[in-house]
Amino acid sequence: MNALLLLVLAQTATPLAKNVVLIVSDGVRAREIFEGADRSLMGEAGGVENEAGCVEKFWRADARARRETLMPFFWKKVAREGQVFGDGSRGSPMRVTNKARVSYPGYNELFTGAADHRIETNAWVDNPNVTVFEWLNAKPAFSGKVSAFATWATFARIFAVGRSKLEVHAGWTPPFENDAERTPGKDLIDTLHRSTTPLFGGNALDALTSAALKESLKTKRPRVVFLGLGETDEWMHAGRYDLALEALSRADATIADLWDTMQAMPEYKDSTTFIITTDHGRGGLPWEWKHHGASVLGAEDIWLGAIGPGIPPLGVRSSTGLVTQSQVASTVAHVLGEDWRASNPRAGSTLPLWPLLVSGRPSLTLQRNAE
Ligand SMILES: [Zn+2]
């Protein structure tokens with residue numbers, strides 16, 4: 001075998017899956033993921049209107065039963081058939097590396113594989129950094145096959161749609177207003193975007209955005225999908241722990257429905273990976289659960305679940321050492337057999353999670369990401 005062929009083989013990774021879906025539920029603490037509902041917040045401290053009802057619905061004495069009650073798809077499907085990162089109590093913490101610990105810096109880190117310390121707030125202009133979605137969309141195999149549906153209007157800037165030309169549906173803009181292929185569902189969803197009271201300013205409701213993504217699959221078959229849900233963060237900021245739990249539980253059901261919908265389509269069946277994560281954590285101290293930011297302790301802690309072809313069912317990972325948000329972009333690319341690190345020097349040290357997922361052993365190189 002000649003040297004050139006060896007080189008080519010070394011650089012061509014086998015795709016694990018044909019399609020990848022990255023789903024983010026905004027600002028969900030690792031605490032709720034791994035331990036379920038927090039009893040100390042299921043009353044006045046959490047702005048809960050009906051404590052008995054909230055307890056009946058979400059509280060179970062056993063932590064495993066509690067988290068399965070809150071997120072049945074995540075725990076009974078993803079954690080059994082895939083893998084979950086971020087359980088610090090088992091030596092597998094997952095953190096953001098950006099110092100701001102707010103949304104735009106977090107999504108930038110998720111999508112580009114590196115924290116950009118210029119981006120400190122959500123008010124930042126169009127993202128100067130190329131995202132893994134923009135990079136994939138520029139490749140012939142993925143051209144026009146990248147779709148993003150997100151509740152938050154700011155995603156137009158995070159994805160820099162003016163430059164990237166990505167198909168991004170964000171905020172209250174009717175998602176199908178420029179879509180020539182009409183369906184009754186698209187008409188209804190556009191109408192609801194125009195007629196629903198904007199409860200959270202530029203953040204649309206999760207139900208509308210996820211319904212739009214599902215409806216879009218009737219006429220399009222994207223290979224790379226982003227779904228951004230925002231209510232988990234909004235209800236926590238609003239001081240309504242009961243509604244934040246409802247939003248998280250509904251996000252889980254929405255992800256389950258999307259999984260079932262796609263598994264029933266030949267283009268996606270057994271060839272699609274879901275990666276589910278969050279953009280930042282929130283305060284771990286009892287009075288800080290509503291907040292996140294540079295000075296909020298615990299807001300750096302995040303989590304991630306993944307399910308799909310080529311991911312051994314190792315469940316909740318332990319003893320991996322620190323993994324980081326900046327590894328997600330290379331992981332998204334790696335699923336599709338692409339090498340994001342080679343194309344983006346800033347993401348050079350951010351290994352995909354998959355070597356970890358496959359070997360089940362910690363990678364020393366990962367420690368460099370902690371800086
Ligand atoms: Zn956020």
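Contact means heavy atoms within 4.5 Å. The structure is a predicted model, in which local features need pLDDT of at least 70, side-chain atom pairs count only at pLDDT 80 or more, and totals for chains, interfaces and linings use all residues. Residues are numbered from 1 along each chain as its sequence is written, and side-chain values use heavy atoms, with hydrogens and water left out.

View A. Helices are DSSP runs of H or I with at least four residues, strands are runs of E with at least two, and both are numbered from the N terminus. Serine 210 is in contact with Leu227, Leu229 and Thr254, neighbours within four places in sequence being left aside. Serine 210 counts as buried because its relative accessibility is 11% (buried: under 20% relative accessible area; exposed: over 50%; partly exposed: in between; 1.4 Å probe, protein chains only).

**View C. Serine 103 and histidine 280, 177 residues apart.** Serine 103 lies in helix 6 (residues 103-112), and histidine 280 in the loop between strand 7 (272-277) and strand 8 (301-302). Serine 103 counts as buried because its relative accessibility is 4%. Histidine 280, at 0% relative accessibility, also counts as buried.
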